[in-house]
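I opened my notebook to look up a few things in this model. My entries follow the strands, the metal site and the aromatic rings.

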Amino acid sequence: MTLIASHRGGSLEAPENSPTSFRHTAGLAVEQVEFDIHPTADGQIVVIHDATLDRTTNGKGPVAAKTLAELKALTIAGTEADQIMTLAEVIEVFRSTAITLRMEVKSDVEHQPYPGLLAQAVEQLRGAGMLERTVLTSFLAPLVGEAMQVEGLLGRIWLVSPVIMDDCGLDGTIAAAEAYGIAHVGIRAPRLTAGVAEYLRGAGLGVGAWAVNDAQSVRRMLALGVEVFTTDIPTTALALRSAS
Ligand code: MG
């Protein structure tokens, strides 16, 4: 069965990466909840998509330039009073559910990896007893390669951007995955044709999809039998999967 991951808590159904969206997702029959992490200036880990605050909060500037207290003083866009959550807080929302965490390790405003963020997040998940319930994802192949060495993670997925696919081609993408010991790739849904899926699987890679955000692409990914996809419309995706 194709697994469904509620992307940023289902961002077309609730404000992304917010307490509201995660409570919404916790009540759904999805297998995974996707969210994104960045570090704070005082060494905490928070859940937010962009490296900057401007789009999804009433704050401005880089997330990593603010302390947790400064971040907690902000309000998430589209909500009455939702605050940015820590990784620890998101873990607690899902601990008592059957839902697996799908944690995307983000990069900084310069698109560079944050030193130590992966290790710190792994440590926190392990301490919370949730490492075995976490699939790690990243657009950075070296970071996913690093995660291949982390014992106990449920899975690791390299999110392959369309730019990488264009620059490297399928053979180059496969070669990069092999170089980093990566076994699973996530492809942007519009780029994942039956031919692409077959070619990647032929190279021994597990294949998933992301940005599966309308009914037609949900149906297409189900028909392709991808292992997992992220979607901003989890409720619709669940209904379509039940009907398929
Ligand atoms: Mg993400």
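How many bridges join strand 8 to strand 9? I looked and found five, and the two strands run parallel. Strand 9 covers residues 206-210. Two strands pair if DSSP finds at least two bridges between them. Helices (H or I, at least four residues) and strands (E, at least two) are DSSP runs, numbered from the N terminus.

A note on the source: this is a predicted model, where local features need pLDDT of at least 70, side-chain atom pairs count only at pLDDT 80 or more, and totals for chains, interfaces and linings use all residues. Residues are numbered from 1 along each chain as its sequence is written, and side-chain values use heavy atoms, with hydrogens and water left out.

**Strands.** I checked Val-185 and found Val-207 of strand 9 opposite. The chain goes from strand 8 through helix 7 (residues 194-202) to strand 9, and this β-α-β crossover is right-handed. Right-handed means that, with the strands pointing away from the viewer, the path from the first strand over the helix to the second runs clockwise.

Next I looked at strand 7 (residues 155-160). Three bridges pair strand 7 with strand 8 (residues 184-188) in the parallel sense. Here too the crossover is right-handed, this time through helix 6 (residues 162-179).

Then I turned to strand 10 (residues 228-231). Val-228 and Thr-230 point one way, Phe-229 and Thr-231 the other, and all are buried. Buried means under 20% relative accessible area, exposed over 50%, partly exposed in between (1.4 Å probe, protein chains only). In a regular strand the side chains alternate between the two faces of the sheet.

**Metal site.** Which residues coordinate the magnesium ion? I found Glu-34 (OE), Asp-36 (OD) and Glu-104 (OE), at 2.0 to 2.1 Å. Donors are N, O and S atoms within 2.8 Å of the metal (3.2 Å for Na, K and Ca); water is not among the atoms, so sites may look incomplete. Glu-34 lies in strand 2 and Glu-104 in strand 5, so the pair ties together parts 70 residues apart in sequence. Glu-34 is buried at 2%, and Glu-104 is buried at 4%.

**Rings.** I counted three aromatic pairs. Rings of Phe, Tyr and Trp (its six-membered ring) pair if their centres lie within 6.5 Å; planes under 30 degrees apart count as stacked, over 60 as edge-to-face and the rest as tilted. The centres of Phe-22 and Phe-94 are 6.0 Å apart with planes at 85°, so this pair is edge-to-face. Phe-22 sits in helix 1 and Phe-94 in helix 3, 72 residues apart.
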